[in-house]
Structure formats: structure tokens, C-alpha cells
Amino acid sequence: MASSLIRLLLPWRQPKPHHLFPFSLNPTKTSFLFHLRRCQASTSSPKRLILTQDERSKGSLSTEREAIVGSGTIAAIVTSLGGGPAAVGIVRISGPTAVAVAGQVFRPVKRWKEEGGCVAWRPKSHFVEYGYVLDNDGNVIDEVLAVPMLAPRSYTREDVVELQCHGNDVCLHRVLRACLEAGATLAEPGEFTLRAFLNGRLDLSQAENIARLISAKSAAAADSALAGIQGGFSSLVKSLKIQCIELLTELEARLDFEDELPPLCLPSLIDKISVMQHDLQDALDTANYDKLLQSGLQIAIIGRPNVGKSSLLNAWSKSERAIVTEIAGTTRDLVEANVSIHGIPATLLDTAGIRETDDIVEKIGVKRSEAAALAADVIIMAISAVDGWSERDAKLIEHIVTSQKSANQAMAAPIIAPMILVINKDDCKPKDLLVSFEEICSGLFKKVVRTCALTGAGISELEKAVLEVRGLEPIPSAGRKWTVNQRQFEQLLRAQEAFFRLHTSIEEQLPMDFWTIDLREAALALGQISGDDISEEVLTSIFSKFCIGK
Amino acid sequence: MASATPRLLSSLFTPLRLTYPIHAIRTSHRSRTLSFLSFNLRRPNGRLRTVSSFASNGTNGMERMGQKDEERYDVIVVGGGHAGCEAALASARLGARTLLLTLNLDRIAWQPCNPAVGGPAKSQLVHEVDALGGEIGKMADRCYLQKRVLNLSKGPAVRALRAQTDKREYAMEMKKVVESNSNLFIREAMVTEVLIGKNDNIQGVRTFFGMDFFAPSVVLTTGTFMSGKIWVGRASMPAGRAGESASLGLTENLQSLGFETDRLKTGTPARVDCRSIDFSGLEPQYGDDEVSWFSFDPECHIEREQMCCYLTRTTSETHKLISDNLNETPTYGGWVDAKGPRYCPSIEDKIVRFRDKESHQIFLEPEGRTVPELYVQGFSTGLPERLQLALLRTLPGLENCVMLRPAYAVEYDFLPAYQCSRSLMTKKIEGLFFSGQINGTTGYEEAAAQGIISGINAARHSERKPLIVLERESSYIGTLIDDLVTKDLREPYRMLTSRSEHRLLLRADNADSRLTPLGREIGLIDDRRWELYQSKQLRIKEEKERLKNVRVSGGEFAAEVTTVSGQPVRDHTTLESILKKPHVQYKLLDKHGFGNENLSRCEKDCVEIDIKYAGFIMRQQSHLQQIVNQEHKRLPEDLDYYSMTTLSHESREKLSKVRPQTIGQASRIGGVSPADITALLIWVESNRRKANQRTQQELLRSGATDNHMAASSPTDSVVQATAI
């Protein structure tokens, strides 16, 4: 003790300024508190932890940002889910690249029109912007308000962007997914609060709550791990990971024990990689499919006023969700109803009849109908058998198609949700007209179904048609039950990104060492384990597989 | 436990057990029996005399005033192997009065196994030690017999230089260097005890003959000598290496101080007389035409004539002989259970574990220019000596070979390195450092890497300067030490490139730009080296700038670039973007007169790598930055983990054992989950705030003005408000 006390009193050399070691742990901030903190650190252990930086590549890193705990960018839905439809739901993105992530998914309406949406989003802190969220393919997912709150004036003290979406679970999940695809990671439960706390916000008394949350989290993780054992999906992920480790083994063995092993057969290795890439794509497709099963289909029913859209919704959902009258333009706002189509959840959206109108309320309703059509997975165009296919119907559908195209203009080939033509009021029509209907519309519509909303006739045909146009198969009652959760989806996504990069590395004929970087990342993503574990696993595998040793 | 006198507990143990002549015995190495006399008897007189003058006045180790001043040093290094030499040199060069104690002065920096330095990952260690101002790279450059660059086409980060070295010359050269430092004193001695002061701090060491040497810092680099025991077949004897006595007594002393020790095993193959070998049918392996260097100091770059290695293979007779005699080997006969390294299996291990492999490669490597000995690489065995010659003679080319030394295995004590912190100072005893095989590593390069760090820190500790810890991400040295002290390793640890998560950033070519500034700051890089370093960096920087600005259009050059890379060259392309194309090397620029003659070959390599792989390097760096942000948060070393109820029981135990210095290190401990890490973070942050609160209250009380608060961040003012 005595000698260590003496050391306290002796003036030993303080760590030098930071020009040499921009990474040494002493923060560059010179605030009083920091100074205090530093002194405390030094007295408890007189050590200098040194992370040297390559002088040759100096300056390529930003060192201005102070150590932030979880420095990745995270995203999550922060409003409650599953408790019935709320008016608004919020997806929050937080972290150093929050603005970049948001910029990828969010298109402010104003700038979009002005600049074609190609310029990086540079938001002003605490200024609300209105715009659309697009997915990877450039499809509009939802219209949102984006609230940027730049560091440190935010909840977590990091850059935060909140996207205020429609309070519909499906919308929210899609927006979140777009964020994940843009590079955010899914936040752990309580992670925003944790970051807020660790970055110096929140009251000290809240620390306990967070701690409790975290221990609950580990219990939950155990639960979900248990759940993950069952089901075909996790075994698929596991086998992909094992394949990654095997490939890594082959490569790493050559790198660390070059002269002891036979040379690698590159073509077969490349074959293996492309097979894995294919498997991964399959898994992701499955994930997408499963995602659809989980989040459900969004089906917009559109059409001219008074063709029986609301009656159709009521008949389909076996409810009286929508008000039905003889008066054209009764429905002015969106009406939602949830149905299950052969086990697949779907949200029906009844829309205001689309027509030219002077009624200000109805005008807004019409706008919303169009927006709903833009975001839907399936569009059902309803016409009345009594009126038959009219000029106005043709005009309407043309309008929808062009607005979809313009919304997707960023894409080379705009994707239009499949459309189904429903001929309603089937009970009161002259039969012979039907043939010509089908001839007229076969180009635009994937299916034509005749229904009678009053009797409920044709609804089951309609359901079948919906599944068919989306390429979905009905779920057998006791069938495949494994689902892909958000986190597994993210794992797959990261692995796939790594494989894309690996592919480029191979194409650019980069040396073998560079392949291992992305393979390792893929294995990491699939394994959700730490890098050390991977190293150990690979080494064990090398020693068991190859005869090595001098 | 504090007592005024140094601890003498272990003098109760009597440190020796001699079992001559060799015959098979099976006793636990722990049961020491007394044989003091026989020790003296078998010691050659000459060597005794060297020591006797001191031994006579050191009466059973009690401190005496006259001796005290003379035998007082700043740093004592125990052991003169590759760790010991680096440690002693670093310490002496930093100005510390340093004593190097070794069992045998003629075996300084001896290479008891493979006479080679470098190879994948190991060469990076050598470059790094050199960049810090160490010796191993210069030695290998000075004493090489052959040099080859491995992994040439597999990427800049895994490219590795390997040198066969002249074992005798190496030892002699290193001895010269060690002897020529005026701060460094060398003495033959066997240390049996470490002397502990009342604050659990080191005071010095006591030797077998009763001498006490005093220093505030002691580095133990005992190699395979601590209770070493060598095996040939069933016969064994206490020895650190064939023909050299083991160091006895120190293990018990350390155990009595509360250190945990364990046992490791390694082995070395037979040596054969090169004159008895028929090389005509063997595949020769020549060195590189263009020699590369370990050291960044051009003064060491002196080319010499290279020798050739040869390649032979095991035959079916080899395999049969081994299968027939498996029960004669220690592992399969079952009389040795210490763990050998997985990457260094004996030939019987290889044959048993990979039955379907018909033949294994065996390399024949020269051990020196003036000796006929050949090292039979890949052929270490535990078979008895009577079978070894027959076994060697099953190899093509060795049909009539003469064996000069039999293969043997050695077992020795090591101290699982979780007992050290990352400065390599032990956690129990202040001022006591461990380095090299005592920490469970294998290899000269690993030893040297630890040696230089412990030497630096021992010197700094004696000067009461803060110790240096290289973070894992900074270097292979950092990775090595972090692994050693964090993970529970129970086999000899060898450095491998796959152990590093960011190896693309830890290359041989940038070892100097990563570590030389640190070496300069520590004080191991002199003005001349610093000058060389700076001008090199400047040349590289200017060249990169030049390549960015010089543009070319068409011509022969463009045509050849297109053929080589398979990519078209647009008009007015910069040299930089040409260099980025696949398979285009700086050499091609040279060939067409676009190169820069002022640059050396390795400087051109640096330029090429920086430009060619810029994208990947940047990506890795930003990845690294994330890790730095996350993991380099420091943990106080005196945390009471058992009181943290939010941690799992397992991790409370593991964390208390390892006492990590950073969050990152904590996360690498087996059994510590991510949830535990979060709990730790929260705990640390709450403590920080509590401490802040307290200091602020005190400040307020002592009448400090409020203007500090303006500088503090908004949340801290929330805390202040609650504090008031």
C-alpha cells in the first residue's frame, strides 16, 4: 500500500497529448468533468492502454466523436404493437449513421420533386419533414413525418431520426425492415434507454430499471433461444454457418500453414460459395414469405363511388365495419378490416370512391384512396355489374397505374401491385355482357372474379385469387409453423450482404485473405457469436481436419 | 501476511531431485526429494568457480549491508532466452540498471528447437518487436541461412517472411549484443526464490547458492526450465533442455505465494549428420532470389550466401514401424499426460489421427554453416532412442543416416497467464513480471514479443512511470498478450494470423508506422532510426500523392495494363487507379518508367498496398473504430464483481479471476455473456456518476464557484441539481 500511495504523490509523466495516439483512452474533451474522470482512472491503475494507429492511413478515421457505447446504429418500433390500430406509430433510428440510414429510406416530398431524390438527406435538427418511406426496390411503403434530432440534443444523445408512420402494424414492420436493410441493426429491448443512460442522460435512479430490463432480456433470450431450437429455419441458419466455417477452415489453413498443405482447388471453392449464396437467397425468400405471413397482406379495394366496395369489405370481414348507403361517396376515409385468408392475415382497406369532386372532405378521401393503392400488396378494382366497364373505370385505372409508376420512378422497372378485377353486384346483371368484360381487362388485371357482396357469393373465389396473384400457398391447418423473426431476418440480410461483397472480391481477383474477411462476417452474422469464438472454431476445425505440424 | 522480512517459506522446501543415471521412473514431478550433495558433485568445477566467490559470502540469503548496495539493480531478468534477452535489452536501453541471470552463459538466445525465425503471424511479431526497437529481427537478418517469403500471392496481411538461422551464430551474436550494453550485467545463477516485501511487492531474487539480488522489478522468463523434465521413450530426467539442468525450487516458491502452476509439454525432433544423407533424390527448397528483411533498419540488410533445405516424405515402412510400436510412445503408452500443442503433433500423432494419409512431408533444415547437424522438421517423436534411428532410416535419402541427437519431449511448469495483467505484471506481486513460455506460449517470436513488453514495463515500473499496455487491435503483440491473460489456455499458445480479428490492418509492411512512434516515445528508437523512419513515411506519402496526380493515356503501358488486368484503361487515367486494377503491381510502373527511383522495394510495396487495398483497409478501420468505441471503456481493476447481483454467477467468478482492464477484454472471457457486459456498463456508469456527484458536492462545499458547471454537459447539470 505504502508504495502505491507514494506513487500517487509523485508526479509521474502524464500521458502525452494525443497527436501520437488519437486512440488512447484519454478523451480529448477538456471539460472539467473529463479531467476529473481521467485523474480517477489514472490513480486506480497507473497504466496507459495504447491503441496505435497506422500513421500511413492517418486521417482516414474520424476521431472527433467521443466514445459512445454501442456505436452501431439501431432501429426499432417504439410505439406499442399489437394493441389494436393506433393513429400513429413511430420507428426510431439512433446512432452515428442514423441520418444516413434514414436518408436511404426516407424521401422528403419537397426535395424529391426538386432534385429527383438523388441527393443525400441533410436534415435540420428538430425540423419535421414530410415524405415517403421507400423500400429497397423503391416502392412506397408509407407516408411519414420524419423528425430528425441530431446529437447531442436527442434522447440517446446520438443522432436520432424518428419516422412517424401510420399506426398500422404492417406499415410499421415494413418501415422498420427498410431501415434494417439500409444498415441499421435491430435494437435490443431497452437499448435506446440504455444508450441514453450510458451517454450521460437520464436520472441515476433509472439505472436500476435498466439493469432489471437487461436481466429480463437474458431470460427472454434464453426463451427465444429455446424456441429457436425447434423449427426448420434455425437449422438452416445453422447449416449455413457451418458451411461458412468450413470454407474459412479451408482458407485459413492455407494462410497459417502454407507449406504444409496441398494447394486449394479454387474453382470448387468458388462453386461452394455460389451454392451458399444461392441457399442464402432461398432462405431470404422464405423469410420474405414468412414475413408476409406474419405481417400480412395489405389489400386495397378501389373503384368508382357506389360500386359496392364497402359492402364487399363488410361481406368479406363478416362485419359492419363500413357504413353502407345508396348515396355515392359515403365512404370518405380509409376503413380497415382484418381478415384471414387461408391462414394468412390480411388487412382490407376500403377507400373512398375515386371521382372528380368539389367536396373538400371527399377530395381528401380520394387522395387517401390513391395513396392506399400505392402501398398495397394487392389492389382490388371493384366495378358494378350493373354499369359494366365504363370509360370512367378505364380512366381511373389508368390514373392509378401512372401514379404508381411515378412513385416508383427511381426504379428501372416499376413494380405494380397485382390487380384483381371484381365485378360486384353479380346478382343484378345481364349475363351476356361478362365475356366482353374479361376481354377488355385481361391485360391489366391478373384475375377477374364475380362477387355479390349482399349474398357473400364469390368471396372464397376472391380469396383464392388473392393468394394466387401473390404466389402464396394456403397454409394447411397443421402445417409449417416456423416463422422468421425480425432478428433472424437481420442475420440473413447481413450474411447476404457479406456474400455479395465476397462475390465482388472474387470477381475482382483479390487475394484469398480478402475473402476471409467477408466469410468471417457472414459466419458472424449467422452465428450471432463473437469474433473470438469464430477464430477458435476455425482453429479447432483446422486441427481436426488437416494434418498440421512441424 | 505482511511481514518485515522477505518471505523465506520456500527455503523449507529443498529444491532438487536428481535421478541419475537415467532410467524409467514414474513419479509425480511435485514430489521433490533432497539431493543437495549430488548436485554439487555433478556440477563441473569450472562453472562452480565462477559462482563461488559470490556464493561464499551470501550466507543463506540474509541481507547484508555491503552486498546490498552492490547487488541492487533497477530490473532483474531471470532467464537468457529469447524473452529474457529482449526484456533485458529493452530495460537496459531505457536506462535501467539491469541484471540478467541465466543458468548457462553459453546458451544465451539458444534455439533449442527449430533453427528458424518467422512464418505466418510469427513474422509479424518479429517486425513489430523490431518496430518497437527490439533485437530479434536484427538477429535473424544477421544470422540467416535461408529466407523465403510465404503466402506471397494470398494478400498483404498474410504474407510472411521465414528465415532459417545459424543457431550457434545466433547465440553468439546475441551474446555480443547483450554483453556490450553498459547498463546490462550478466551472471550465471539459478534463481530459486523471489523475495517479497511487505506490500506484496517484489524486492529481488535469491539464487540456489544463497545470493540475494535486489530490484523493484523482476522479470521471470524461465522457458522450459522450471521443473523441466525431458523424456526419451520411457526414460526421463530433470532437465530444461537436453544436457542442461532444470531450474528447481522456483515453482514451489511461486506456489507458496499463491500462484497457480500447471504443466505443459513440447518436443523436438532428432538431428542427423548431413554428410550421411543422400540428397540426390530429394526435392530441394531454395531461398528467395530477392531477400526480404525482418528489421526496418537498413543497417542490418546485409545479404549472405543462402543454404538449401530439402523435402522428403514418410513411407509405408515409417507408418508400419510406428504402428507396431505405438505402446512405446508416451502418449499412447499412457505415461505422459501433459498436453502437447495441436499444431506441433508428434509423427505418431499424425499417423494415428490421419490414418488415411499415406505420407507426410518431412523437411530437412540445416542448423548452421559450420556444423553438420540437420533438423528433421515434422518428425518429432516420443519413441525410445533405440527405435529412433530405424525410424529415421525409413525416410528416402536417410537410408544410411547417422543420428547425432535423439528426439525428446520436455515437460515444464508454466503459470496460466490470467495471473498477469496485460502489462505482463502479475496481479499478486507488484513489480513481478512473467514472459515467454512461463506464460504458456511456444516459439521464439512469441517469447521475444512478450519479452520486450515486460522489459519496457519493468523499467518503467522501477522508474514509477505508468505501464504500457498494447491494445489487442493495435498489434499482434497486443493480440498475443490479450489472448494469454484473458482466455483460459491449456495448450502451448502459438501465434496464428487467424487469431487476429483485424489482421488486414496488422501487416508486416506497416508494423513500423503502427509502432515506431510508440517505440520513439518510450525511448527505444534512437535519433538515427527515427530519422530513417520519418523520411520513409514522407517518401511514401509523397509517392502516393504523385500517383494520384500523374495521368497517362494510351501507349504501351496502357496496353500492358489491359493485358495484365483484363480491364480497359481509359484516357487520362491516374497512376493510382491503374495500380488499383487486379494484378497490376508497382513493378509494372517501374518497367514503363512511371515508377519512382527514390523508393526502396519495400517502400514501393507500402505504396502499392495502401493504394490497391484502400477500400478494404478503410472498411476494416471503420469497423475497428466501432470496436474501439464499444470496447475500450476501462474497468477499474478493483471492482467487486461478487457484489454485482445483476451478473450471472459464472461471470462473477470469471471476472474476478481475470480482472479485465476494459469492457472488450471482459467480453472475451469465456462464460461472460453480452447481458453481463451491459450490466457491467451500467454499473460503471452509475459509479462514475456517483463519484461525480460526490466530488461536486465537495467542490460546492469548499466554496468552488459555479463556473465549472458551464463547461459540463446538460445531464451532468441534472445530476448537479439533484446533488444540491
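Start with what covers helix α14 of chain B. This is a predicted model, by the way. The cover over the buried residues of α14(B) includes α5 (122–132), α13, β23 (467–470), α22 (649–658) and α23 (663–667) of chain B. How many residues of α14(B) are buried? The count is 11 of 11, so the helix is mostly covered. Among those buried residues are Y476(B), G478(B), T479(B), D482(B), D483(B), V485(B) and T486(B).

Now take one of those covering elements, α13(B). Packed helices in general are described by the angle between their axes and the distance between the axes. Here, α13 (residues 444–462) and α14 (residues 476–486) of chain B pack at about 90°, and their axes are 10 Å apart. The two helices, α13(B) and α14(B), are therefore roughly perpendicular. Which residues meet? From α13(B) come E446(B), A449(B), Q450(B) and I453(B). From α14(B) come I477(B), L480(B), I481(B) and L484(B). By class, that contact between α13(B) and α14(B) has 6 nonpolar, 1 polar and 1 charged residues. As for the spacing, residues three or four places apart in an α-helix point the same way, because there are 3.6 residues a turn.

Staying in chain B, there is a sheet to look at. It is open, with 3 strands in the order β8-β9-β10 (chain B), and the pairing is antiparallel. At the edges stand β8 (191–196) and β10 (212–214) of chain B. Each has a single partner strand, so one side of each has no neighbour in the sheet. The twist averages 25° from one strand to the next. Between β8(B) and β9 (residues 202–207) of chain B there are 5 bridges, and the strands run antiparallel. One pair to find on screen: L195(B) has G204(B) in β9(B) as its bridge partner.

Look at the loop between those two strands, β8 and β9 of chain B, where D200(B) sits. Phi of D200(B) is near 55°, which is positive, and the residue is not glycine. For context, most residues other than glycine have a negative phi.

Over to chain A. The chain has 17 helices and 14 strands. Of its 550 residues, 53% are buried. Take contacts in chain A between residues at least 6 apart in sequence: 68% of them join residues at least 24 apart.

Chain A has an open sheet of 7 strands, in the order β4-β5-β6-β7-β3-β2-β8, with mixed pairing. The edges are β4 (106–108) and β8 (185–186) of chain A. Each has a single partner strand, so one side of each lacks a neighbour in the sheet. Strand β2 (residues 74–77) of chain A and β8(A) run parallel, joined by 2 bridges. I74(A) pairs with T185(A) in β8(A).

Two helices to point out here. Helix α5 (residues 169–181) of chain A packs on the sheet and touches β2, β3 (88–94), β5 (129–134), β6 (140–149), β7 (160–166) and β8 of chain A. Its direction makes about 15° with that of β3(A). Helix α6 (residues 191–198) of chain A also packs on the sheet, touching β2, β3 and β8 of chain A. Here the direction makes about 135° with that of β2(A).

F106(A) is in strand β4 of chain A. At 1% relative accessibility, F106(A) counts as buried. Residues touching F106(A) include W121(A), Y130(A), Y132(A), V144(A) and L163(A).

Next, the loop between β6 and β7 of chain A, which holds P152(A). The peptide bond from A151(A) to P152(A) is cis, with omega near 0°. Most peptide bonds are trans.

Another buried residue is N424(A), at 2% relative accessibility. N424(A) lies in β13 (residues 419–424) of chain A. What does its side chain contact? The side chain of T451(A), in a polar contact at 3.2 Å. Other contacts of N424(A) include V307(A), I383(A) and C452(A).

Last stop: Q509(A), in the loop between α15 (486–507) and α16 (512–527) of chain A. Its phi is near 55°, a positive value in a residue other than glycine. Q509(A) is partly exposed, at 41%.

Definitions and conventions. Residues are numbered from 1 along each chain as its sequence is written. Chains are lettered from A and ligands numbered from 1 in the order in which they are written. This is a predicted model: local features need pLDDT of at least 70, side-chain atom pairs count only at pLDDT 80 or more; totals for chains, interfaces and linings use all residues. Side-chain values use heavy atoms; hydrogens and water are left out. Axes are lines fitted to C-alpha atoms, for helices over the stretch in contact, and angles run from 0 to 180 degrees between N-to-C directions. Helices (H or I, at least four residues) and strands (E, at least two) are DSSP runs, numbered from the N terminus. Angles under 35 degrees count as roughly parallel, over 145 as roughly antiparallel, 65 to 115 as roughly perpendicular and the rest as oblique. Contact means heavy atoms within 4.5 Å. Ala, Val, Leu, Ile, Met, Phe, Trp, Tyr, Cys and Pro count as nonpolar, Asp, Glu, Lys and Arg as charged, and the others, Gly among them, as polar. Two strands pair if DSSP finds at least two bridges between them. Buried means under 20% relative accessible area, exposed over 50%, partly exposed in between (1.4 Å probe, protein chains only). A polar contact is a pair of N or O atoms within 3.5 Å; within protein, one must be able to donate a hydrogen and the other to accept it, and residues adjacent in sequence count only if both atoms are side-chain atoms.
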